[in-house]
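Q: Before we look at any feature, could you take me through how to read this model?

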Amino acid sequence: MASKRVWIVWLIGVFGYSVAVMQRTTFGVAGVEAARHFAAPAGIIGLFVVLQLLVYALLQIPVGVLLDRFGSRLLLGTGAFVMFLGQVALAFADSVPSGVIARILVGAGDAMTFSSVLRLVPSWFPAKRAPLMTQLTGLLGQSGQIASTIPFAMVLVGAGWRPAFLAAAAVSLLAMVLTLAFVRNSPGPGRTRLPEHEAIDADLRAKLRAVWSHPGTRLGLWTHFTTCFSPIAFAMMWGFPYLTAGESLTRPQASALMTIFVVSGLVVGPTLGVLTDRHPLRRSNLAFAVVAGEVIPWIVVLLWPGAAPIWLLAILMVGVSAGGPGSAIGFDFARTFVPAHRLGTATGIVIMGGFGGALVTILLAGVVLDLGGGYDLTTFRWAMATQLPLFAIGIVGMYRSRAKVRARMAHEDGINVAPLGNAIAARFRRR
């Protein structure tokens, strides 16, 4: 960790991820302008992001397999180039089909990015630092959302559709150049994985069964799903329109709240990283706390009589944003329970959780907005309420998979994890 090379590789990887987040969220910032640009209703505009997320989710397992074989450098550089092509195509798109194809390209490039950067962490940092570095990777990468909500939004309003998306495309090109110039898969020479693993992983179906068979993988997926689908859907599509058209905030007010959305994670993320490192047997409890921090503010905002005050919306931003760093707990489950040569595949499966849930959320919200007749507060509240059943499904999935993980730990390793209440009571009795 004392080597400058370690930090250069990691920081360029984080920059590449932040660029991917920017490209991912630019369309959400431009949602209202996109409806005018393509002369399309809310459901069709939501379809842009739904298909983008669908491609992202479907590519996670293939990308994970390729990542295990070829390493981070190639996939990270390729992803940046594909996003460059997608944003250029969107800049010149003048019809719904051409715009959808452009966003599909962005989704495909984005799909190659985060798991590639996460793969760099255990390759370049000691295992003790992995939870914290994973949190920092996700948090610093979210700075790309600030780039989309402030400078990109300013260029979009001031210069128009085409210059804004061309400028965004240029940043992806820069990320590709830096990745190919400086990023390496690991500190030493050699191949990405050990030769003895190749025979084991030659059968893709067997590899997927081996990864999926461990309940820790499924716990990681459900954790990512439950913590992460709401902030992804909010950031990628409906957050900015909800704040401006639904809650009637000005663009500067909405941008300020979206900035709070990103910056508050800078506090939550390192805290979760330290707690995950210190209390590895209580990671699921941390995840449940994050979910509660998301659900409770949403319920209060949705039930508030009239437009919610800006202080309450700020609390909502803090609560929902915690889901981003909270989702990294899912990756930590995969890192803990899955062998290193299968980590890319396991990470891909985990990522499918949150992005699959976000896909459903964006689609349902678009349908509700169309059925309700437009972007008014009442219709937006019904649209945002579609998240609540998904939270319930995710919580059940987390509980069930956690029970199977703990049963396996007790059977194979002799580790019995007491319920949190019992553990707290026992500690007080010892005092």
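A: Buried means under 20% relative accessible area, exposed means over 50%, and partly exposed lies in between, with a 1.4 Å probe and protein chains only. By that definition Ser248 is exposed, because its relative accessible area is 60%. This is a predicted model, in which local features need pLDDT of at least 70 and side-chain atom pairs count only at pLDDT 80 or more, while totals for chains, interfaces and linings use all residues. Residues are numbered from 1 along each chain as its sequence is written, and side-chain values use heavy atoms, with hydrogens and water left out.

Q: Where is Ser248 found, and what is its phi near?

A: Helices are DSSP runs (H or I, at least four residues), as are strands (E, at least two), numbered from the N terminus. Ser248 is found in the loop between α12 and α13, and its phi is near 60°, a positive value in a residue other than glycine.

Q: Which rings pair, and how many aromatic pairs are there?

A: Rings of Phe, Tyr and Trp (its six-membered ring) pair if their centres lie within 6.5 Å; planes under 30 degrees apart count as stacked, over 60 as edge-to-face and the rest as tilted. The count by this rule is 23 aromatic pairs. Phe27 and Phe48 are stacked, because their ring centres are 5.0 Å apart and their planes are at 15°. This pair links distant parts of the chain, with Phe27 in helix α1 and Phe48 in helix α3, 21 residues apart. Phe27 counts as buried, at 0% relative accessibility, and Phe48 is buried with a relative accessible area of 0%.
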